[in-house]
Amino acid sequence: MTMNGMDVPPPFALSTLPQQRVVAGAPFPLVLSPSPQHLGLSVVLDAITQNLGWLAEQLCRSGAILLRGFPLHSASDFNDVVEAFGYEELPYVGGAAPRTNVVGRVFTANESPPDQKIPFHHEMAQVPEYPSILFFFCETKPAAGGETPIVLSHLVYDRMSQQFPDFVQKLEKDGVIYTRILGVGDDPSSPIGRGWQSTFFTQDKEEAEKRASRLGVTLEWLPDGCVKTVSGPLPGVKIDQKRGRKVWFNSMVAAYIGWEDTRNDRRKAVTFGDCSPLPEDVIHGCLSIQNEECVAIPWQPGDVLILDNVAVQHSRRPFTPPRRVLAALCK
């Protein structure tokens, strides 16, 4: 079937939402719905596996795909969809967010309290090995708020280069260093409350050091049992090899604004690669750009949002419970 000049294989159909944007002729995100509307899950899974090349092309073109209206009702259904795409799983080693494994490859999204906003970031940009593809699934929609805004990272880079050229030049030269203190055990009150045992999937300090080293992270054990982690210098800007353009690949806004709890001072969470501080006015300028360029679509039950983690940053708005959004990370 051809829709808006695009050949769309059944049972997929193009949909539009008022929040969508069109960037360089591509919808952001691309929204796909079922046609006909009433399909069994097995039909959907077969359609995914039979059209992997087309779906990959659309993800490359748009950076994000929203599947809406498909018969997905549970974490198990979502896990089946992730498996159908065939991407290799990326273990969540080194990540900051508190998460719980639900089933198979499916975890809860960041479990920080609902009144907290999670700023824009590329998933796991603070470690050298990060996911290429992210899947999110809405099992229970929020009573209010709770969107997962997304923004094309190359637009952020372009505007930052125009507005703060000296800052961007230094960032490209020196990179960034991320510093975080991990507690003993998880802290569900914090957006970065993942304890060192959960972060490195071990109860053994020596093994944690080995796993941290493989990630390029250094550890400093503190007298209270916590551990200080230092990652970097890492690039703050990357080349998106698929699309041949520079992207704002970092988590500096998320770290500078959001990495604060009883153990962490957000102002020390991220610096330039030479350890000099980041100017606060530039960080807030970057946040303004991200907010101006982003798309925020209210969740509906059964939604699956697929993101290219190199091309797209995401965040989370505060919400009124209940809200249950699940996630899967892929290499």
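These are my notebook entries on a predicted model.

**Ground rules**

I number residues from 1 along each chain as its sequence is written. Because the model is predicted, local features need pLDDT of at least 70 and side-chain atom pairs count only at pLDDT 80 or more, while totals for chains, interfaces and linings use all residues; side-chain values use heavy atoms, with hydrogens and water left out.

**Entry: a sheet**

Strands and helices here are DSSP runs numbered from the N terminus: E of at least two residues for strands, H or I of at least four for helices. Two strands pair if DSSP finds at least two bridges between them.

I then followed strand 14 (residues 176–182). Strand 14 pairs with strand 19 in the antiparallel sense over three bridges. Tyr-178 stands opposite Val-270 in strand 19. Contact means heavy atoms within 4.5 Å.

**Entry: two histidines**

I found His-122 in the loop between strand 10 (118–121) and strand 11 (133–140). Is His-122 buried or exposed? His-122 counts as buried because its relative accessibility is 0%. Buried means under 20% relative accessible area, exposed over 50%, and partly exposed in between (1.4 Å probe, protein chains only). The side chain of His-122 reaches the backbone oxygen of Asn-309 at 2.5 Å. It also reaches the backbone oxygen of Val-312, at 3.3 Å. Not counting residues up to four places away in sequence, His-122 touches several others, including Ser-153, Trp-248, Phe-249 and Gln-313.

His-73 lies in the loop between strand 7 and helix 3 (75–85). His-73 counts as exposed, because its relative accessibility is 63%. Leaving aside neighbours within four places in sequence, His-73 is in contact with Phe-137 and Glu-139. The C-alpha atoms of His-73 and Glu-139 are separated by 6.6 Å, though the two are 66 residues apart along the chain.

**Entry: nonpolar cores**

A nonpolar core is a set of buried Ala, Val, Leu, Ile, Met, Phe, Trp, Tyr and Cys residues joined through side-chain atoms within 4.5 Å. The largest has 35 residues. Phe-28, Phe-136, Ile-150, Leu-305, Leu-307 and Val-312 have the most contacts inside it. Among the elements that each supply at least two residues are strand 7 (64–67), strand 11 and helix 7 (205–214). A second, separate core of 34 residues includes Leu-41, Ile-48, Phe-85 and Ala-328.

Which residues of helix 2 (residues 52–62) are buried? They are Trp-54, Leu-55, Gln-58, Leu-59 and Ser-62. Seen down the axis, they fall within an arc of 135°, so they line one face of helix 2. The arc is that of the directions from the helix axis to the C-beta atoms. Just after helix 2, Gly-63 takes a positive phi of about 90°.

Helix 3 is mostly covered, with eight of its 11 residues buried. Phe-78 and Phe-85 are among them. Gly-86 follows helix 3, and its phi is positive, near 80°.

Conventions: Polar contact = N/O pair within 3.5 Å; in protein donor to acceptor, adjacent residues only side chain to side chain.
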